[in-house]
Amino acid sequence: MFKKFWLRKNPKDSSTLQDKIEEIKKMPVPNHVAIIMDGNGRWAKKRALPRIAGHHEGMKVVRKTTMLANKLGIKTLTLYAFSTENWKRPKNEVEYIMRLPEEFLGTFLPELVENNVQVKMMGYKNQLPVHTMHAIEKAIEETKHNNGLVLNFALNYGSRSEILDAVKQVLNDCNNGILKETELDEKAFSSYMMTANFADPDLLIRTSGEIRLSNFMLWQLAYSELWFTDVLWPDFSEEHLLEAIETFQNRQRRFGGL
Ligand code: V07
């Protein structure tokens, strides 16, 4: 009797990860979560390690985040892995980063298959190294019949280019009589984007303290909840994802009460 009180302090802070997951699942979770995984270089610098060590550590966090998102019943997880701006980084760093999809999939593809995860990718594929695209295409192929979490990597992605390309395709379809100007509404325009088959993100997470969108999904994030944290991506834990989702749920609840 006495022991029970002794062991259980405040149930809120002594609860395990599993308890927190159960608690979160009692309310609707966001269908689509997008994450700007920032702070890998800074994480390494703080430890006097090369920047690539931060990217490698960040890759491990991709795995943990994916598994938890799947467990929570999130439908789509979009991860910003490489922007069209990132080519400006030192050549050796870019080369290292472009090996990460192979390393990640070499280790975790069987686990993704087992857990019913579908791998997808959005971005400009043509400029990516052949070895990178080869690994990703193999993963897309091997997971295409899965119907669990969609794990969508934004790789060599830039939002303004995406919008411009959509506009050009719209013009082309108008000129060829495939599309009438009067038919072009927001829904129709969305179908010209790289996210054509996805719902818009309900929640955007950005790590590492920058309060910016940095050319990421500008059209798609129009109505999304935004959640920023100072935590660097390699330090981003399951608890942090749950905290972001809890905040999302509380905002939704307040909004719903209006
Ligand atoms: C990358 C690790 C995470 C932090 C952000 C930058 C570095 C996993 C992938 C990946 C991509 C496609 C795929 C499977 C895995 C990845 C890049 C960078 C370019 F099918 N992590 N990660 N790709 N980083």
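Does I21 count as buried or exposed? I21 counts as buried at 2% relative accessibility, where buried means under 20% relative accessible area, exposed over 50% and partly exposed in between, with a 1.4 Å probe and protein chains only. The model is a predicted one, in which local features need pLDDT of at least 70 and side-chain atom pairs count only at pLDDT 80 or more, while totals for chains, interfaces and linings use all residues. Residues are numbered from 1 along each chain as its sequence is written, and side-chain values use heavy atoms, with hydrogens and water left out.

**Ligand site**

- The ligand is surrounded by 17 residues, a residue being near a molecule if one of its heavy atoms lies within 4 Å of it; the closest are H55, L100, F104, L105 and F153.
- The protein buries 98% of the 510 Å² that the ligand exposes when taken alone, as given by the Shrake-Rupley method with a 1.4 Å probe.
- Two or more residues of the shell around the ligand come from each of α5 (51-72), α7 (100-114) and β4 (150-157); helices (H or I, at least four residues) and strands (E, at least two) are DSSP runs, numbered from the N terminus.
- In this shell, 14 residues are nonpolar, three are polar and none is charged. Ala, Val, Leu, Ile, Met, Phe, Trp, Tyr, Cys and Pro count as nonpolar, Asp, Glu, Lys and Arg as charged, and the others, Gly among them, as polar.
- The largest pocket is where the ligand sits, which requires more than half of its atoms to lie within 2 Å of the pocket's grid points.
- A pocket is an open set of points on a 1 Å grid over the protein atoms alone, with protein on both sides within 12 Å along at least five of seven lines; lining residues have an atom within 4 Å of a point.

**Annotated positions**

- UniProt, in an unreviewed entry, places the feature "active site" at D38 and N86; such annotations may be inferred rather than shown by experiment.
- These positions are spread over 49 residues of sequence, yet they cluster in space, with a largest C-alpha distance of 12.0 Å.
- Both D38 and N86 belong to the lining of the largest pocket.
- The feature "binding site" is listed by UniProt (unreviewed entry) for D38 and E225; of these residues, the lining of the largest pocket includes D38.
- D38 is located in the loop between β1 (32-36) and α4 (40-46), and D38 is partly exposed, with a relative accessible area of 23%.

**Loop between β5 and β6**

- S208 lies in the loop between β5 (203-206) and β6 (225-228). S208 is not a glycine, although its phi is positive at about 80°.
- The relative accessible area of S208 is 2%, so S208 is buried.
- M217 is also found in the loop between β5 and β6, and its phi, near 50°, is a positive value in a residue other than glycine.
- M217 counts as buried because its relative accessibility is 0%.

**Helix α3 and strand β6**

- I21 is placed in helix α3 (residues 17-24). Between I21 and R253, which are 232 residues apart along the chain, the C-alpha separation is 18 Å.
- W227 is part of strand β6, and W227 is buried, with a relative accessible area of 8%.

Technical notes
1 Å grid on protein atoms, 1.4 Å probe; cavity = no way out; pocket = protein on both sides within 12 Å on 5 of 7 lines; lining within 4 Å.
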